[in-house]
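Dear colleague,

Please find below the structure that I am handing over to you, followed by an account of what was found in it.

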Amino acid sequence: MLGTLLVFKEMDGAAIKNIRFTGVTDQYLPDNGYMSMQANVIRSGWFKVREAAILTENMRGLTVENCEFTEIGTNGILMCGISARVNIHDNYFHHVSMSAISIGEPIKAILDWNNASFDLKIDRNTLYDIAYDFPSSPAVDIFRADGLSVCHNTIQKTAYSAVSAGWQWESVPFALGE
């Protein structure tokens, strides 16, 4: 089984354009079971399964443009850790088991710099039939962000919610942003 197709770690600058992703399957849950909480979080450990067609950790400067994500048994795009200057636009997501786009971690405070998300743009995407196997997964979920734009997307047939953004807002003693 193949749980992830592309992995980017500790990078600054990548463009993924005009690629069709299909056939990614889940490896974690068949062995460990599925009992989730809200927003695609595994109940047993308060974390997200690190599987997706595109998986990033501490990524700055990512563009995903004009790609197709079809028959994905995990997440479409999963961004963990620091995510900055992200532009996801003009993509088609269809029949995705978990979230189509998931950015951030389910930790308790934005003060943890390892969970910082800045300057995120999610525009003109089509998302259809999302979270059909893992129904606690929003089509798009973004935990904490400074500078977020989610505009002109078409989202239909989701098991949980279309967009879930800004969980656990807290004031911080410093200015956010890069």
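**Ile122 and its surroundings**

Ile122 touches Ile88, Ile101, Ile103, Val140, Ile142, Ser149, Val150, Cys151 and Asn153, leaving out residues up to four places away in sequence; a contact here means heavy atoms within 4.5 Å. The model is a predicted one, in which local features need pLDDT of at least 70 and side-chain atom pairs count only at pLDDT 80 or more, while totals for chains, interfaces and linings use all residues. Residues are numbered from 1 along each chain as its sequence is written, and side-chain values use heavy atoms, with hydrogens and water left out.

Ile122 is found in strand β8; helices (H or I, at least four residues) and strands (E, at least two) are DSSP runs, numbered from the N terminus. With a relative accessible area of 1%, Ile122 is buried, where buried means under 20% relative accessible area, exposed over 50%, and partly exposed in between (1.4 Å probe, protein chains only). The C-alpha atoms of Ile122 and Asn153 are separated by 7.8 Å, although these residues are 31 residues apart along the chain.

**Strand β8 and its partners**

Strand β8 covers residues 117–123 and is mostly covered, 5 of its 7 residues being buried. Strand β5 (residues 75–89) pairs with β8 in the parallel sense over 6 bridges; two strands are taken to pair if DSSP finds at least two bridges between them. Within this pairing, Ile88 has Ile122 as its bridge partner in β8. Strand β11 (residues 146–151) also pairs with β8 in the parallel sense, over 5 bridges, and there the bridge partner of Ile122 is Val150.

**The five-stranded sheet**

An open sheet of 5 strands has the order β2-β4-β6-β9-β12, with parallel pairing. Strands β2 (20–22) and β12 (154–158) stand at the edges, each with a single partner strand, so one side of each has no neighbour in the sheet. On average, neighbouring strands of this sheet are turned by 5° against each other, direction ignored; the axes are lines fitted to C-alpha atoms, for helices over the stretch in contact, and angles run from 0 to 180 degrees between N-to-C directions.

Strand β6 (residues 92–96) runs parallel to strand β9 (residues 126–130), and 4 bridges join them. In β9, Phe93 has Leu127 as its bridge partner, and His94 has Tyr128. Strand β9 is likewise joined to β12 by 4 bridges, again in parallel, with Thr154 in β12 as the bridge partner of Thr126.

Gln156 lies in strand β12 and counts as partly exposed, at 45% relative accessibility. Beyond its neighbours within four places in sequence, Gln156 is in contact with Leu127, Tyr128 and Asp129. Gln156 and Thr126 are 30 residues apart in sequence and 8.3 Å apart in space, C-alpha to C-alpha.

**Nonpolar core and cysteines**

The largest nonpolar core has 31 residues, and those with the most contacts inside it are Val64, Phe69 and Phe93. Such a core is a set of buried Ala, Val, Leu, Ile, Met, Phe, Trp, Tyr and Cys residues joined through side-chain atoms within 4.5 Å. Strand β3 (residues 52–65) supplies the largest share of this core, 5 residues. Not counting residues up to four places away in sequence, Val64 touches Ile16, Ile54, Phe69, Ile77, Asn87, Ile88, His89 and Asn91.

The count of disulfides comes to 0, a disulfide being a pair of cysteine sulfur atoms within 2.5 Å. Cys80 is buried, at 1% relative accessibility, whereas Cys151 is partly exposed, with a relative accessible area of 31%.

**Overall composition and confidence**

The protein has 1 helix and 13 strands, which follow the pattern β-β-α-β-β-β-β-β-β-β-β-β-β-β along the sequence. Of its 178 residues, 49% are buried. Among contacts between residues at least 6 apart in sequence, 72% join residues at least 24 apart.

The mean pLDDT (the predictor's confidence in each residue, from 0 to 100) is 84, and 76% of the residues reach 70 or more.

With kind regards
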